Amino acid sequence: MNDVTSEHCFVPINASHLSTVWHWRNSERVRENMHYDKLIAWDEHQHWFEALMQDTSRECWIYCQHSRPIGVLNVSDTQHSVMQWGCYLGEVNCAPGSGLILEWAALEYAQQKINCTGLEAQVLSFNTSALKLHMLFEYERVKIERGGMRQSNSQSDITHYDIHYFYYAMQKWRQHRDAVLVKLPKPIQRACQQVTFLSKE
């Protein structure tokens, strides 16, 4: 589906997004919920982008609200039957419920992939908002593994965290998507129905 006028549009990342995404990735709010939470140098970020552009198994989509970039949807293993995904909101002053829309978009995008049978995600145990979103959307939590240690901002407290692994079968999504949709607030329902992915061509 292509509709440049969509209020909730996903566009493939390109060089014009590079600086914006770099600042997002380095924001404390985004870094604290990632496996890799260190500051990313500009040249490291450029290498990441160059590798992404050459990797046919990964896709990075920029989430735009009313044509304004606000977040990222990452998808990997796109040539396999089970894909991996992750996301984050880079901006803080975006529409309420934008995280719900990202959750919806990931599942809808996976459903568009003819050979995709399931979608997997990983969430760090202290990212409680993401855990709640996955459970609201009825993901199956398949396992929990010991993750590692994370130092707090005070540089004194060190906490241990786990990694939660989730799975969603596309057959289940096709059966449950309407029931999940009606659980969402009405404005979010309307937004989810406007989600559009622009082609890469």
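**Group meeting: fold and salt bridges of a predicted model**

The protein chain has seven helices and eight strands. Its radius of gyration is 17 Å, close to the 17 Å that the globule rule gives for 201 residues, so the chain is as compact as a globular protein of that length. Please keep in mind that this is a predicted model.

Some overall numbers next. The C-alpha trace spans about 45 × 35 × 35 Å along its principal axes. Of the 201 residues, 41% count as buried. If you take the contacts with a separation of 6 or more, 64% of them come from residues 24 or more positions apart. The chain exposes about 10900 Å², and carbon and sulfur atoms supply 52% of that area.

Now the charges. There are 19 positive and 22 negative side chains. The centres of these two sets lie 5 Å apart.

How many salt bridges does a search of the whole structure find? The count is eight. I will go through some of them.

Start with D55 and R58, whose side chains meet in a salt bridge at 3.0 Å, N to O. How accessible are the partners? D55 has a relative accessible area of 25%, which makes it partly exposed. R58 is also partly exposed, at 26% relative accessibility.

The next pair is K113 and E59, a salt bridge in which the closest N and O atoms are 3.3 Å apart. Which parts of the chain does this pair link? They are distant ones: K113 is in the loop between helix 4 (98-112) and strand 5 (118-124), while E59 is in strand 2 (residues 58-65), and the two are 54 residues apart. Is E59 buried or exposed? E59 counts as buried, because its relative accessibility is 9% and the cut-off for buried is under 20%. K113, with a relative accessible area of 24%, is partly exposed. For K113, then, the value falls between the 20% and 50% limits.

Last, R177 and D178. These two form a salt bridge, with the closest N and O atoms 3.4 Å apart. R177 is partly exposed, its relative accessible area being 21%.

To recap the pairs, the N to O distance is 3.0 Å for D55 and R58, 3.3 Å for K113 and E59, and 3.4 Å for D178 and R177. That is what I have on the salt bridges.

Methods
Residues numbered from 1 in each chain as written. Predicted model: local features only at pLDDT ≥ 70, side-chain atom pairs only at ≥ 80, totals over all residues. Heavy atoms only, no water. Salt bridge = Lys/Arg side-chain N within 4 Å of Asp/Glu carboxyl O. Buried < 20%, exposed > 50% of the residue type's maximum accessible area, 1.4 Å probe, protein only. Helix = DSSP H or I, 4+ residues; strand = E, 2+ residues; numbered from the N terminus. Rg over C-alpha atoms; globule rule 2.2 N^0.38 Å. Contact = heavy atoms within 4.5 Å. Areas by Shrake-Rupley, 256 points an atom, 1.4 Å probe, with all protein chains shown as cover. Lys, Arg positive; Asp, Glu negative; His and termini not counted. Charge placed at Lys NZ, Arg CZ, Asp CG, Glu CD.
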